[in-house]
Amino acid sequence: MASLSPLSLPHHLKISAPKFPKIYTKPTLVLCKASVSETHSSESVSGPDGTGAAAPTRGQKFLEHQLSLEAMTEKKTETKKKKKMMKKERVLKVSMAVATCYGCGAPLQTSDSDAPGYVDLETYELKKKHHQLRTILCGRCRLLSHGHMITAVGGNGGYSGGKQFVTAEQLREKLSHLRYEKALIVKLVDIVDFNGSFLARVRDLAGANPIILVVTKVDLLPKGTDFNCVGDWVVEATTKKKLKGGMFTFWLGSANVGKSAFINALLKMIGQKDPVAAAAQKYKPIQSAVPGTTLGPIQINAFLGGGKLFDTPGVHLHHRQAAVVHSEDLPVLAPQSRLRGHSFPNSRVASDNGTASKVQSSDLNGFSIFWGGLVRIDILKVLPETCLTFYGPKALRIHMVPTDEADEFYQKELGVLLTPPTGKERADNWRGLESERQLHIPYEDVERPACDVAISGLGWISIEPVSRSIRQSDSDSDLNLKDKAGELHLTVHVPKPVEVFVRPPLPVGKVGAEWYQYRELTDKEEEVRPKWFF
């Protein structure tokens, strides 16, 4: 019988030879072998792992499989971590790749001569040619270094091209990579404006990195201040704020708190032993009394081991007085010498129409006190012996008038006796003291101040239920002040959105050490309590 040939089959039954092996040559052989090994005895299957008794058991295979899965998981985790780190490094490199002014950190530009970071084109091209862009000081910084007051805020006498101040949220976004870096965070706070300059939520920014709190301008506190008391007061004030103690060091703080000045002093000290820090002093950040002097992160190579310092922009806190006054009035807000308390009532305090003599013969009830044109305090209910002591810039004069005349006095004297604002034109554009806060201040011990009323960006007022001078003469009088306790009522008027803080009294001057009381601590509290150094 003749054999049938595949060619004699009907055309529609033809099988295309190349397609058959393609279906079964896909990489599934390992799975097939595994299924065969499960249905046959170990003696009938041979492989690279051995035969017979030498073949791996099911338990061994399961263990190998689990180990391989764990290895793959670890590899994936490591890959994700590497990608995250690469992304953050790219962000950091991009931010550092842009040439910036070494004085303020603003990106260099040649188009707008009024804007921060401006340098003339010829100088820019020359420095770029010789790879010296990091040695450029912008035009704004040159003016600031010669005492000119140029803010970075649109309006209020500042740069008209737009706001350059850094808000707290913008700073957090710029420095979001810090959570993943190995760094030391140094947070600076101005002791004269402790509450107003205290930058919140730094722990969210720092991650697990240690934070050191540095309190600046302590040399401005009144003569005779006991820094042991002040240090303890600072620790008490910050205990609840969750600060704790080749690395990068970042310096954070609000505008004009003294970050650049502190870094320059640190470079000078380190430079005595470290040549890298000594060289870094040639191109150090600019210092000025203008809030917002530093506009971008400034990298400083300061250590032989390769470590770096970063001076960051001061955070523009909208609730400080510097946010509402004209740029030319800013120097008035910055104390230039040691503070001296101005007590009220006091015959030396500025007054009109014999008002001071009225106070001396009665008390402060029914009177209003103006602290320049920025603060008004109405005395509603206090003791006849109550005393208010003002700590702040000397340039702000204190005026007192009866409360029923206060509105008229403010309208008439704003820009003249009550400054800032300075001048009639600025006074006409001034929005006034729109924010009002009622204060009910309890007191139990007349031997110490009841509290401080701190004005954000300005200073503070110590509230004594009974004046110290009266307490000292109490033994010679018929008053029995030790048994007195009660409540003081005040109303504080400030511009919007300036904040008013009521806090425990800051112990300043020689008398501060006399009344300050250290809190009794348990052994556990003593162990975890932050330490301070002067």
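A residue is called buried when its relative accessible area is under 20%, exposed when that area is over 50%, and partly exposed in between, using a 1.4 Å probe and protein chains only. With a relative accessible area of 5%, Trp233 therefore falls in the buried group. The model here is a predicted one, so local features are considered only at pLDDT of at least 70 and side-chain atom pairs only at pLDDT 80 or more, while totals for chains, interfaces and linings use all residues. Residues are numbered from 1 along each chain as its sequence is written, and side-chain values use heavy atoms, with hydrogens and water left out.

First, the overall picture. The protein chain has 534 residues, and 43% of them count as buried.

Now for the inside. In soluble globular proteins, nonpolar side chains tend to be buried together. A nonpolar core is a set of buried Ala, Val, Leu, Ile, Met, Phe, Trp, Tyr and Cys residues joined through side-chain atoms within 4.5 Å. The largest such core has 47 residues, and Leu388 and Ile455 are the ones that touch the most other members. Apart from this core lies another, made up of 21 residues, including Ile191, Val192, Phe198 and Leu220. As for Ile455, its contacts (heavy atoms within 4.5 Å) beyond four places in sequence include Asp193, Gln321, Trp371 and Val375, along with Val492 and Val494.

Aromatic rings come next. A pair of aromatic rings is described by the distance of the centres and the angle of the planes. Here, rings of Phe, Tyr and Trp (its six-membered ring) pair if their centres lie within 6.5 Å; planes under 30 degrees apart count as stacked, over 60 as edge-to-face and the rest as tilted. The whole structure holds nine aromatic pairs. One of them joins Phe194 and Phe198 in a tilted arrangement, 5.7 Å centre to centre with 50 degrees between the planes. Both Phe194 and Phe198 are buried. Phe194 also pairs with Trp233: the ring centres are 5.2 Å apart and the planes lie at 70 degrees, so this pair is edge-to-face. That pair links distant parts of the chain, since Phe194 sits in the loop between β1 (183–190) and α7 (202–206), Trp233 belongs to helix α8 (residues 227–238), and the two are 39 residues apart. Put together, the ring pairs link Phe194, Phe198 and Trp233 into a cluster.

Helix α9 (residues 259–270) shows a two-sided pattern. Its 12 residues reach 16 Å from the first C-alpha to the last, close to the 16 Å expected at 1.5 Å a residue (the expected span is 1.5 Å times one less than the number of residues). Lys259, Ser260, Ile263, Asn264, Leu266, Leu267 and Ile270 are buried in α9. These residues cover an arc of only 160 degrees around the axis, so they are on the same side of the helix; the arc is that of the directions from the helix axis to the C-beta atoms. Lys268 and Met269, on the other side of α9, are exposed.

Gly271 is found in the loop between α9 and α10 (275–280). Its relative accessible area is 16%, so Gly271 is buried. Not counting residues up to four places away in sequence, Gly271 touches Ala277, Ala278 and Gln281.

Finally, a few backbone details. A cis peptide bond joins Phe344 and Pro345, with omega about 10 degrees, and Pro345 lies in the loop between β6 (342–344) and β7 (350–351). Lys496 and Pro497 are also joined by a cis peptide bond, with omega about 0 degrees. His131 is not a glycine, yet its phi is positive, at about 55 degrees. This residue lies in the loop between α4 (121–129) and α5 (139–145), and at 75% relative accessibility His131 counts as exposed.

Methods
Helices (H or I, at least four residues) and strands (E, at least two) are DSSP runs, numbered from the N terminus.
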